[in-house]
Amino acid sequence: MSRSFLTLVLALVAAGLCACSTTADAPKPKPPFVARSQTLEITNGIKVLTTVGMPNGFAPIAGHPPIWLQNGAEIGVIGTENGHTIVYGLGGAGWRTGRILAAETGPRAVEAGTIVDVAASPDGMTLATAMVTADGKRLDVITRDLIATGAGNVIVSFDGHYDSVSMNWLNGSTIAVGLRRHPDPPPEIHPKSEQSDESNELDTEPPTNPADGLQLIVIAGSSSVAPLKLPCAMSQLSWSEHGVYAVGQGDHDAPPIIIDRRKSTCTRFHVHEPIHVLDWDNDDEGSFLYVGPDPSRHTIGVYKYDIATGAEKLVAVSTAAASFTDGGDIIALGSQKLTFRGATEHPEEPMLAQVAISEPDQGSVDLKSLGFNTTPNMFAESTMAYSKGSDDTVMQIYAPSAPVPWRKIVTYSLRTDTAFLLAAGPAKGTVTMSWSPKGRWVAILDGDTSTGTVLSVLVPPR
């Protein structure tokens with residue numbers, strides 16, 4: 001892979017000059033596209049398709065980026081508002097027509113309760129919501145046809161209290177729900193003298209439908225549930241491209257696991273602490289990237305793991321931004337000089353931000369400088385969204401600044417070997433990002449409850 005450092009650096013410098021240069025002798029031309037939010041300023045010259053202000057009190061939820069629905073005609077935005085989770089759908093011209101797709105309260109809610117997970121079908125035409133009822137005694141799975149009217153319908157219910165709920169679409173007609181049931185309290189034992197004759201009467205309560213473990217819901221026709229009994233405690237699941245494997249990422253009460261759906265087996269992962277799966281290799285069903293602790297448990301790293309062989313490889317140190325590319329290469333944010341020891345002993349040391357593209361088949365790594373410094377602890381807070389449709393990535397990176405760190409949103413195109421600064425601003429609030437289905441546009445949701453939240457759809461230069 002032959003790529004030019006000069007092209008990359010010049011592109012970033014040009015973007016910075018476009019945003020910051022001034023001239024004393026000539027008036028500064030008004031840029032054709034300018035948009036602002038309360039926490040990010042979009043670089044002058046970046047084409048903005050729309051900026052939409054969300055209702056007062058709305059805030060994004062980290063880890064839940066905008067969802068592109070109906071082939072990009074609508075964007076689903078997940079956040080909190082007045083203490084409740086809500087999902088808005090933005091469509092129409094400039095995605096400026098809003099509607100409520102799922103809510104915990106109010107007239108647009110199917111029922112009162114708590115939303116614990118949201119997932120869109122692969123074609124973006126159906127939205128599934130996992131809702132715990134207000135009394136906490138039942139979990140309902142609700143689906144909504146996005147081209148139909150109405151708030152949706154409950155397709156299946158599971159009685160009980162659950163400590164973990166995870167919902168994913170395996171294909172257009174199957175939803176996988178991972179459940180970890182809260183342990184039932186031990187039954188109360190009463191002295192025989194205190195028992196009444198009523199205890200011998202038949203129980204007239206309605207039957208319940210308790211569940212635990214992995215549940216496969218087939219929504220075609222009349223919905224049906226096929227439990228997959230596995231001797232492992234469920235946690236948040238991440239599924240491979242075709243639903244063959246899943247990784248239970250672990251939490252405080254359950255270790256990470258690997259599920260093989262074809263063999264109906266689950267095994268403990270070798271890492272005991274919770275991990276976070278970043279991506280799965282489309283060309284190799286059993287390979288995935290994950291963020292996990294370093295051997296000393298003092299910082300983090302990105303690792304590639306192969307389920308078939310058990311082989312593991314360190315990809316990057318002290319970062320949470322990496323992805324497989326369309327051709328099976330790996331792109332990661334980091335620094336060539338960064339080591340686990342350095343990240344632990346010198347977490348505030350400035351170092352050059354770089355993008356690394358590795359080709360496993362050839363054993364080569366190509367490094368690209370982004371032209372500014374960051375620190376190991378800021379690398380660890382970085383995020384990345386990759387588009388396999390356009391072979392582009394958008395990264396959220398932080399740089400040292402006073403009184404608060406500076407957030408930079410940078411795109412990098414693997415096809416043209418160019419990077420551009422899309423937006424920057426003080427690291428306040430939450431930013432989530434996603435690519436449109438074909439990778440032509442980037443949706444950026446940024447803000448918080450105090451400053452307000454804005455959805456921007458940008459066209460990255462290439």
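Which backbone oxygen does the side chain of S318 reach at 2.7 Å? The side chain of S318 reaches the backbone oxygen of P376. The points below set this contact beside other features of the structure.

1. Basis of the note. The structure is a predicted model, in which local features need pLDDT of at least 70, side-chain atom pairs count only at pLDDT 80 or more, and totals for chains, interfaces and linings use all residues. Residues are numbered from 1 along each chain as its sequence is written, and side-chain values use heavy atoms, with hydrogens and water left out.

2. S318. This serine is found in the loop between β23 (312-317) and β24 (322-324); strands here are DSSP runs (E, at least two residues), numbered from the N terminus. S318 counts as buried because its relative accessibility is 1%, where buried means under 20% relative accessible area, exposed over 50%, and partly exposed in between (1.4 Å probe, protein chains only). The pairing of S318 with P376, at 2.7 Å, belongs to the polar contacts, defined as pairs of N or O atoms within 3.5 Å; within protein, one must be able to donate a hydrogen and the other to accept it, and residues adjacent in sequence count only if both atoms are side-chain atoms. Although S318 is not a glycine, its phi is positive, at about 50°. Residues up to four places away in sequence apart, S318 touches T299, I300, G301, L338, A343, P376, N377, F379 and A380; contact means heavy atoms within 4.5 Å.

3. T319. The loop between β23 and β24 also holds T319. T319 has 0% relative accessibility and therefore counts as buried. A polar atom of the T319 side chain lies 3.2 Å from the backbone nitrogen of A321. With neighbours within four places in sequence left aside, T319 is in contact with V291, I300, G301, V302, L333, F379, A380 and S382.

4. The disulfide. A search of the whole structure finds one disulfide, a disulfide being a pair of cysteine sulfur atoms within 2.5 Å. The partners are C232 and C266, with their sulfur atoms 2.0 Å apart. The link of C232 and C266 is right-handed, with 95° about the S-S bond. Because C232 lies in the loop between β15 (224-228) and β16 (237-239) and C266 in strand β19 (residues 265-268), the pair ties together parts that are 34 residues apart in sequence. Both C232 and C266 are buried.

5. Cavities. How many cavities of 30 Å³ or more does the structure hold? There are three cavities of that size. On a 1 Å grid over the protein atoms alone, a cavity is a set of points where a 1.4 Å probe fits but cannot get out, and lining residues have an atom within 4 Å of a point. Grid points are joined across faces, edges and corners, and a volume is the space filled by probe spheres set on the points. The largest cavity has a volume of about 80 Å³. Its lining consists of L101, A102, A103, A109, V110, L127, T129, M131, I142, T143, R144 and A151. The elements giving two or more residues to this lining are β7 (97-103), β9 (126-133) and β10 (138-145). By class, the lining of the largest cavity has nine nonpolar, two polar and one charged residues; Ala, Val, Leu, Ile, Met, Phe, Trp, Tyr, Cys and Pro count as nonpolar, Asp, Glu, Lys and Arg as charged, and the others, Gly among them, as polar.

6. A102. Among the lining residues of the largest cavity is A102, whose place is in strand β7. A102 is buried, with a relative accessible area of 7%. Between A102 and Y88, 14 residues apart in sequence, the C-alpha to C-alpha separation is 7.2 Å. Neighbours within four places in sequence aside, A102 is in contact with I86, V87, I115 and T129.

7. V365. V365 and I331 are 34 residues apart in sequence, and their C-alpha atoms are 9.6 Å apart in space. Leaving aside neighbours within four places in sequence, V365 is in contact with A356, I357 and S358.

8. Backbone geometry. A402 and P403 are joined by a cis peptide bond, with omega of about 5°. P403 lies in the loop between β29 (392-399) and β30 (406-413). D417, a residue other than glycine, has a positive phi near 55°. D417 is found in the loop between β30 and β31 (418-426), and counts as buried at 6% relative accessibility.

Definitions and conventions
On a 1 Å grid over the protein atoms alone, a cavity is a set of points where a 1.4 Å probe fits but cannot get out, and a pocket is an open set with protein on both sides within 12 Å along at least five of seven lines; lining residues have an atom within 4 Å of a point. Helices (H or I, at least four residues) and strands (E, at least two) are DSSP runs, numbered from the N terminus.
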